[in-house]
Amino acid sequence: MISLFAFGAFNFNVSANADTLTSGYFTYVLSDNEAVITDFNELIGGKITIPPTLDGYSVTKIEDCAFEDCSSLTSITIPDSV
């Protein structure tokens, strides 16, 4: 489950560009069949909750600087799987 209080519409388009995948506002790669978050839409603000899975893959890691330019975020809830 994802909970976002953000500006703009929320969609769950999934696309692949090389090894990079997107789900909602998250960009991730697969490593050992698990999701590693690499980026987040910096236009989103407020409180977010990272889901325990993205497109059926367990979220196990967040890369350094994944939220680097996200100055409007007020809090991030991280699942126990990370």
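Predicted model: local features only at pLDDT ≥ 70, side-chain atom pairs only at ≥ 80, totals over all residues.

Residues are numbered from 1 along each chain as its sequence is written, and side-chain values use heavy atoms, with hydrogens and water left out.

Select D32 to begin. This residue sits in the loop between β4 (26–31) and β5 (34–40); strands are DSSP runs of E, at least two residues long, numbered from the N terminus. The phi of D32 is positive, near 55°, and the residue is not a glycine. D32 is exposed, at 72% relative accessible area; exposed means over 50%, buried under 20% and partly exposed in between, with a 1.4 Å probe and protein chains only.

Next, select C65, in the loop between β8 (57–62) and β9 (73–77). Here too a residue other than glycine has a positive phi, of about 70°. Is C65 buried or exposed? C65 is exposed, with 54% relative accessible area.

Now select C70, which is buried at 8% relative accessibility. The structure contains zero disulfides, a disulfide being a pair of cysteine sulfur atoms within 2.5 Å.

Finally, select I76, I78 and V82, which form a nonpolar surface patch with about 230 Å² of accessible area together. V82 belongs to the segment after β9 and is partly exposed, at 40% relative accessible area. Patch residues have over 30% relative accessible area and no salt bridge, and nonpolar side chains (Val, Leu, Ile, Met, Phe, Trp, Tyr) are joined within 5 Å, like charges within 9 Å. A salt bridge places a side-chain nitrogen of Lys or Arg within 4 Å of a carboxyl oxygen of Asp or Glu. Accessible areas come from the Shrake-Rupley method with a 1.4 Å probe; for residues, only the protein chains shown count as cover.

Methods:
Helix = DSSP H or I, 4+ residues; strand = E, 2+ residues; numbered from the N terminus.
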